[in-house]
Amino acid sequence: WDKMLALDGNTAPYLMYTYARCRSIQRKGGVEEPLVDGTAPVESHERDLAMALLRFPEAVKLTINNSRPNMLCDYLYSLASVFNRFYYEMPVLKATQEIKNRRLSLVEATARVMGKGLDLLGVKTLERM
């Protein structure tokens, strides 16, 4: 049970925690109406996250075509890992306003993709953990 319920590694709680972290960043930043504005990423960690987000439709298609939900789980784990690297390396709320807005857009995009992916797997998301 300890391994299955761990908040790190390839587990549902880790994926849920990543979603909740996105929402926590938004709450702390006072974001009331989160947007994905399409601003181009500049820093390498921002680009890595944007590229991971763009692979979501392909991951869903592969999951459906192969009837293998574990493929979507693997994608979400990979996305969570990229997001958490981004979060640790790139200050979101302490950045200048322009950079903050760009990064908050990536946070919202991540929350949407994580939320949709978890929903497709039948996992309920939590706004706080």
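Mentor: Let us begin with a definition: accessible areas come from the Shrake-Rupley method with a 1.4 Å probe, and for residues only the protein chains shown count as cover. On that basis, the accessible surface of the protein chain comes to about 7800 Å². Carbon and sulfur atoms hold 55% of that surface.

Trainee: What sort of model is this, and how are residues numbered?

Mentor: This is a predicted model, in which local features need pLDDT of at least 70 and side-chain atom pairs count only at pLDDT 80 or more, while totals for chains, interfaces and linings use all residues. Residues are numbered from 1 along each chain as its sequence is written, and side-chain values use heavy atoms, with hydrogens and water left out.

Trainee: How many helices and strands does the protein chain have?

Mentor: The protein chain has 5 helices and 0 strands, where helices (H or I, at least four residues) and strands (E, at least two) are DSSP runs, numbered from the N terminus. The pattern along the sequence is α-α-α-α-α. The radius of gyration of the protein chain is 14 Å, close to the 14 Å that the globule rule gives for 129 residues, so the chain is as compact as a globular protein of that length. That radius is taken over C-alpha atoms, and the rule is 2.2 Å times the number of residues to the power 0.38.

Trainee: And what share of the residues counts as buried?

Mentor: Of the 129 residues, 41% count as buried. Buried means under 20% relative accessible area, exposed over 50%, and partly exposed in between (1.4 Å probe, protein chains only).

Trainee: Changing topic, how many salt bridges are there?

Mentor: The structure holds 5 salt bridges, each being a side-chain nitrogen of Lys or Arg within 4 Å of a carboxyl oxygen of Asp or Glu. Side chains of opposite charge can pair when their charged atoms come close.

Trainee: Which residue does E46 pair with?

Mentor: E46 forms a salt bridge with R102, with the closest N and O atoms 2.9 Å apart. E46 lies in helix 2 (residues 44–54) and R102 in helix 5, so the pair ties together parts that are 56 residues apart in sequence. E46 is buried at 0% relative accessible area, and R102 is buried at 7%.

Trainee: What about E127?

Mentor: E127 forms a salt bridge with R23, and their closest N and O atoms are 3.8 Å apart. E127 lies in the segment after helix 5 (97–120) and R23 in helix 1 (residues 12–28), so this pair ties together parts 104 residues apart in sequence. E127 is partly exposed, at 40% relative accessible area, whereas R23 is buried, at 14%.

Trainee: And where do E108 and R112 lie?

Mentor: Both lie in helix 5, 4 residues apart, about one turn of the helix. Salt bridges that share partners join R23, E108, R112 and E127 into one network. The side chains of E108 and R112 meet at 2.7 Å, N to O. E108 is buried at 4% relative accessibility, while R112 is partly exposed at 45%.
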